[in-house]
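This report describes one protein model through its contacts, aromatic pairs, pockets and overall architecture. The sequence and structure are shown first.

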Amino acid sequence: VSLPALAHAETPKTHDGFYLQIAPGLGYVSDSATIKTPLANFDYKITGVGGSGSLFFGGTLFPGFVLGGGLQGGSFPKPTFESGGTSSKGTGTLQISTLGPFVDYYLDPRGGLHFQGFLGFGVVSAESADGRKTQNNPSGLALSVGVGHDWFVSDAWSIGVMGRLQYLSAKYESGGSSDNHSVLV
């Protein structure tokens, strides 16, 4: 059994057939977190700028409608840590990683305007300045939406711009304590 889009030949300068998106870029992260213990709660916020991007693979079910899977993430060096009215610059790196399925829809299969949605699994982790990585990282549901525009540079390839908003609700629990994160990238 083959999918309808895979059964026909690709049409030049039309969003059909195989789909590959490599999207490097810049991002801003805002991570609001709470550590809850049996004795007290501790609220903090981490913000910063860094590299973010995605790698998606898929195929068109019909011209202009893509279904696939991939990775999204970001690495934010030396983020700002805020708690109790004070802030300080970190020395490590905050990392956000997500994996899951996506859809991408081109309003006109021969045009460039498209909308993307992603639903998957994500992890919040950190690495210290000396290269030590955190263990027991909070994880949970990741969602993102994006809008972009592509321009064809050949019969089958296009290049474009995209804006994306990603949300991750992540949690780690152990021994009556929990670390809860609400992350926007």
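## Surroundings of N180

Apart from neighbours within four places in sequence, N180 is in contact (heavy atoms within 4.5 Å) with S32, A33, T34, K36, A170 and K171. The residue belongs to strand β10, residues 177–184; helices (H or I, at least four residues) and strands (E, at least two) are DSSP runs numbered from the N terminus. The side chain of N180 also makes a polar contact with the side chain of S178, at 3.2 Å. A polar contact is a pair of N or O atoms within 3.5 Å; within protein, one must be able to donate a hydrogen and the other to accept it, and residues adjacent in sequence count only if both atoms are side-chain atoms.

N180 counts as buried because its relative accessibility is 18%; buried means under 20% relative accessible area, exposed over 50% and partly exposed in between, with a 1.4 Å probe and protein chains only.

## Basis of the values

The model is predicted: local features need pLDDT of at least 70 and side-chain atom pairs count only at pLDDT 80 or more, whereas totals for chains, interfaces and linings use all residues. Residues are numbered from 1 along each chain as its sequence is written, and side-chain values use heavy atoms, with hydrogens and water left out.

## Aromatic pairs

The whole structure holds 7 aromatic pairs. One of them is formed by F65 and Y105, which are tilted at 6.5 Å centre to centre with 55° between the planes. This pair links distant parts of the chain, with F65 in strand β3 (residues 65–77) and Y105 in strand β6 (residues 93–106), 40 residues apart. Rings of Phe, Tyr and Trp (its six-membered ring) pair if their centres lie within 6.5 Å; planes under 30 degrees apart count as stacked, over 60 as edge-to-face and the rest as tilted.

F65 is partly exposed, at 21% relative accessible area, and Y105 is likewise partly exposed, at 35%. Ring pairs also join Y19, F56, F102 and F118 into a cluster.

The largest pocket has a volume of about 880 Å³. Its lining comprises 39 residues, of which Y19, L20, Q21, I22 and A23 are the closest to the centre. Strands β1 (18–36), β2 (41–62), β3, β8 (139–152) and β9 (158–174) each give two or more residues to this lining, and the largest share, 11 residues, comes from β1. A pocket is an open set of points on a 1 Å grid over the protein atoms alone, where a 1.4 Å probe fits, with protein on both sides within 12 Å along at least five of seven lines; lining residues have an atom within 4 Å of a point. Grid points are joined across faces, edges and corners, and a volume is the space filled by probe spheres set on the points.

The second largest pocket has a volume of about 410 Å³. Among its 27 lining residues, I46, T93, L94, A126 and T134 lie nearest the centre. The largest share of this lining, 4 residues, comes from β7.

## Overall architecture

Along its principal axes, the C-alpha trace spans about 65 × 35 × 25 Å. Of the 185 residues, 36% are buried. Residues 24 or more positions apart account for 58% of the contacts with a separation of 6 or more.
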